[in-house]
Protein chains: 2
Amino acid sequence: MKVLLTEDDPNLGMLLQEYLNAKGYETDLARNGEEGIKFFIENGNYDMCICDVMMPKKDGFSLAKEIRMKDKEVPIIFLTAKSMKEDTIQGFKVGADDYITKPFSMEELLMRMKAIFRRMHKQEAETQANTFQLGGYTFDAQTNTLTHNGNQSKLTTKESELLKLLCQNKNQSVSRSFALKLIWGDDSYFNARSMDVYITKLRKHLKDDTSIQIMNMHGEGFKLIV
Amino acid sequence: MKVLLTEDDPNLGMLLQEYLNAKGYETDLARNGEEGIKFFIENGNYDMCICDVMMPKKDGFSLAKEIRMKDKEVPIIFLTAKSMKEDTIQGFKVGADDYITKPFSMEELLMRMKAIFRRMHKQEAETQANTFQLGGYTFDAQTNTLTHNGNQSKLTTKESELLKLLCQNKNQSVSRSFALKLIWGDDSYFNARSMDVYITKLRKHLKDDTSIQIMNMHGEGFKLIV
DNA sequence: ATCTGATGTTAAAAAGTGTTAAATAAGACA
DNA sequence: TGTCTTATTTAACACTTTTTAACATCAGAT
């Protein structure tokens, strides 16, 4: 998955690039519209373009138009500092798939990107959801590995499935019965006890970063807090 | 926070209503556009409207126009089954703040709602932050911790949910039945007694700062006074 | 003042969870 | 196939959270 990010604010640009890279998107950063279109022509095959609207040398809308001439398909998301509806409408006219008003959370950007991939039936959205950043930990649900300060540890299948589910709903409660039906097939008493055992195992795996915790919501389920 | 949800599919409607209620948004459900505008006129003061586009009796766009005539401010989100950009543009023309293409995850809807509140500088940001200042106490509803002069104490799930609800309505009365339906699911006699027990527990937790108190409004509910 | 329903409080009962270790199941390999 | 290794489930016990029960008190109505 390759992403072209065009953003003139160096701080925000670097931050976003780093974040997207961490999430598994290979991200190129262009400093303005001119550089943006250069990247696009030379590098081609991006799966997503994220364009700031207000940029020196060539603004986001002009950039988007030129990108559209080269590629009718690639999804474009605008970052706009204003919440003006006119901006938005113009954005959609040049073929945007979504727009985000600053300030926004990086998590939100990611969700919108995933939503677009989902809409496009790109299964890559799934693939992407397989790497998670949890404080100092990196969890790869594909290979069932958990890395912390360079130490890798291997998770078992069940451990990994459960942690993945928690990651996908981080900071939100995951109901017991939902997790049980999804991972164990049914939510019988014994499976529930088994799940409790796995929660203990995961807590041990994650004990080295105290900013991460798996919290129990009595009678409801569990919540992964980062 | 009050939300007007207009959705003709009963399953989806109920599901969303339940979810939003659980997340702390008092949500009314209308079955079609006509009912929607009726709710809006009678009930007024909604903080957000979520409108399905395709509905019998009055479609989402017409509904939105009528809502706009009554209220220039209230944010509107459209739910649309098509991903057609034309729909979207028309949506923005009648003053929408966002649109979501079905199928979507409830989490995504929530994020977009929060984004809009953030944009509007609504204090909803507090709800998002999930942390409250109560005199000398700091309450973090995410981690269920209450801190006072450096001493942390851990709250249980129910304690935390109840305190959070009181915080969200601080210096305002919270009705018994609303709290019960939100936290316990229904307002039966025994749940009400259980809630009373929790009020006692919270009072004990908060006893070290006399400027804070949970006051009973006889026959109505409770009010957190700071 | 007295009655009645609502609330305050405490303690016991019931339900749910945390954790460890043993038992069983499932695979891997010679 | 049998043995070894590892993953998962079951069992057991300690502990926490929530509900129910019981009794005391309070507020408002008659």
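Predicted model: local features only at pLDDT ≥ 70, side-chain atom pairs only at ≥ 80, totals over all residues.
Residues are numbered from 1 along each chain as its sequence is written, while chains are lettered from A and ligands numbered from 1 in the order in which they are written.

A residue is taken as near a strand if its C-beta atom, placed from the backbone, lies within 6 Å of it. Around DNA strand C there are 19 such residues, and Asp196(A), Thr200(A), Asn216(A), Asp196(B) and Asn216(B) come nearest. Two elements give two or more residues to this surface: helix H9 (189-205) of chain A and helix H9 (189-205) of chain B. H9(A) gives the most, with six residues. Helices here (H or I, at least four residues) and strands (E, at least two) are DSSP runs, numbered from the N terminus. By residue type, the surface near DNA strand C splits into four nonpolar, eight polar and seven charged.

Now for DNA strand D. It is surrounded by 21 residues, the closest being Thr156(A), Phe190(A), Thr156(B), Thr157(B) and Phe190(B). Here H7 and H9 of chain A, plus helix H7 (157-168) and H9 of chain B, are the elements that give two or more residues. The surface near DNA strand D divides into six nonpolar, nine polar and six charged residues.

H7 of chain A also leads us to a sheet. Helix H7 (residues 157-168) of chain A lies across S10, S11 and S12 of chain A, at about 70° to S12(A). Angles like this run from 0 to 180 degrees between N-to-C directions, with axes being lines fitted to C-alpha atoms, for helices over the stretch in contact. Contact between two residues means that their C-beta atoms, placed from the backbone, lie within 7 Å. The sheet itself is open, with three strands in the order S10-S12-S11 (chain A) and antiparallel pairing. Its edge strands are S10 (173-175) and S11 (213-217) of chain A, each pairing on one side only. Two strands pair if DSSP finds at least two bridges between them; S10(A) and strand S12 (residues 221-225) of chain A have three. Val174(A), for one, has Phe222(A) as its bridge partner in S12(A).

Asp187(A) sits between helix H8 (176-184) and H9 of chain A. Leaving aside neighbours within four places in sequence, Asp187(A) is in contact with Arg176(A), Ser177(A), Leu180(A), Lys181(A) and Ala192(A).

Over in chain B, strand S3 (residues 48-52) and S4(B) run parallel, joined by four bridges. Strand S4 (residues 76-80) of chain B has four of its five residues buried, buried meaning 20 or more other C-beta atoms within 10 Å of a residue's own, exposed 12 or fewer, and partly exposed in between, with C-beta atoms placed from the backbone. In the loop between S3 and H3 of chain B we find Lys57(B), a residue other than glycine whose phi is positive, near 75°.

Terms used:
Nonpolar A, V, L, I, M, F, W, Y, C, P; charged D, E, K, R; others polar.
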